[in-house]
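Here is a short briefing for a first look. Keep the sequence and the structure in view as you read.

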Amino acid sequence: MSKEEVLLNEEIRLKEVRCIGEDGEQFGIISSREALELAVGQDLDLVLISPNANPPVCKIMDYGKYRYQAEKKQKEARKKQKQIEVKEIKLSVQIAQNDINYKVKHAREFLENGKHVKFRVFLKQRELSIPGVGLDLLKKVEEMLEDIAMTEKEAKLEGRYVNILFIPKKNK
């Protein structure tokens, strides 16, 4: 049974259940038919909340209202989550110094706006045999950004790329 699959009312076909009222009142261990009659008498639903207990536990509640409030809580939790945006800047080994300066200038703007910046150096054919050139280039970039950013992930070879991730320094 998945998390979303909840047994309600007539779907509960157990011999005996421990029944709990809407306000937490204990009805004790009664037959599922009696528990359903109690729920129907109060215009509420009988919900199986703990099927693995011995005996299984059912609660009398307004299931529609319960689901609505649970979904509302989930939406609120998602609203409060902070989305981290990662900007990616690609470089090659034969990049000119003024191009590096230009890309670092953009990285500074992203970092000032609170975004994370990932630099990638693509290694072509022969460059793969000497990945140190990509690492050296990223070390140069790291020195240019050390006043505004700190490295979250050190420069490292991943397949054909050498990657490094910068996060903005926290202002005091």
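**First look at the model**

G132 is found in helix α4, which covers residues 132-145. This is a predicted model. G132 is partly exposed, with a relative accessible area of 31%. From G132 to N54 the C-alpha atoms are 64 Å apart in space, and the two residues are 78 apart in sequence.

**Annotated domains**

- UniProt, in an unreviewed entry, places the feature "domain: Translation initiation factor 3 N-terminal" at residues 8-77.
- That span, residues 8-77, is 36% helix and 31% strand. Its end C-alpha atoms lie 27 Å apart.
- A UniProt annotation, also from an unreviewed entry, reads "domain: Translation initiation factor 3 C-terminal" and covers residues 84-169.
- Residues 84-169 are 35% helix and 37% strand. Here the end C-alpha atoms are 15 Å apart.

**Salt bridges**

- Side chains of opposite charge can pair when their charged atoms come close.
- The count of salt bridges comes to seven.
- D147 is exposed, at a relative accessible area of 54%. R108 counts as partly exposed, at 24% relative accessibility.
- K139 counts as partly exposed, at 37% relative accessibility. Salt bridges with shared partners join K139, E142 and E154 into one network.
- E85 is partly exposed, with a relative accessible area of 41%. K87 counts as partly exposed too, at 26% relative accessibility.

**A negative surface patch**

- Which residues form the negative surface patch? They are E22, D23, E25 and D62.
- E22 lies in the loop between β1 (16-20) and β2 (26-31).
- The relative accessible area of E22 is 46%, so E22 counts as partly exposed: the cut-offs for that class are 20% and 50%.

**Backbone features**

- Most residues other than glycine have a negative phi, and most peptide bonds are trans.
- N54 and P55 are joined by a cis peptide bond, with omega at about -5°.
- P55 is found in the loop between β3 (45-50) and β4 (57-61).
- D43 has a phi near 60°, a positive value in a residue other than glycine.
- Where is D43 found? D43 is in the loop between α1 (32-41) and β3.
- Is D43 buried or exposed? At 71% relative accessibility, D43 counts as exposed.

Terms used: Residues numbered from 1 in each chain as written. Predicted model: local features only at pLDDT ≥ 70, side-chain atom pairs only at ≥ 80, totals over all residues. Heavy atoms only, no water. Patch = residues over 30% accessible without salt bridge, like charges linked within 9 Å, V, L, I, M, F, W, Y side chains within 5 Å. Areas by Shrake-Rupley, 256 points an atom, 1.4 Å probe, with all protein chains shown as cover. Salt bridge = Lys/Arg side-chain N within 4 Å of Asp/Glu carboxyl O. Lys, Arg positive; Asp, Glu negative; His and termini not counted. Charge placed at Lys NZ, Arg CZ, Asp CG, Glu CD. Helix = DSSP H or I, 4+ residues; strand = E, 2+ residues; numbered from the N terminus. Buried < 20%, exposed > 50% of the residue type's maximum accessible area, 1.4 Å probe, protein only. UniProt positions renumbered as here; feature names shortened; annotations may be inferred.
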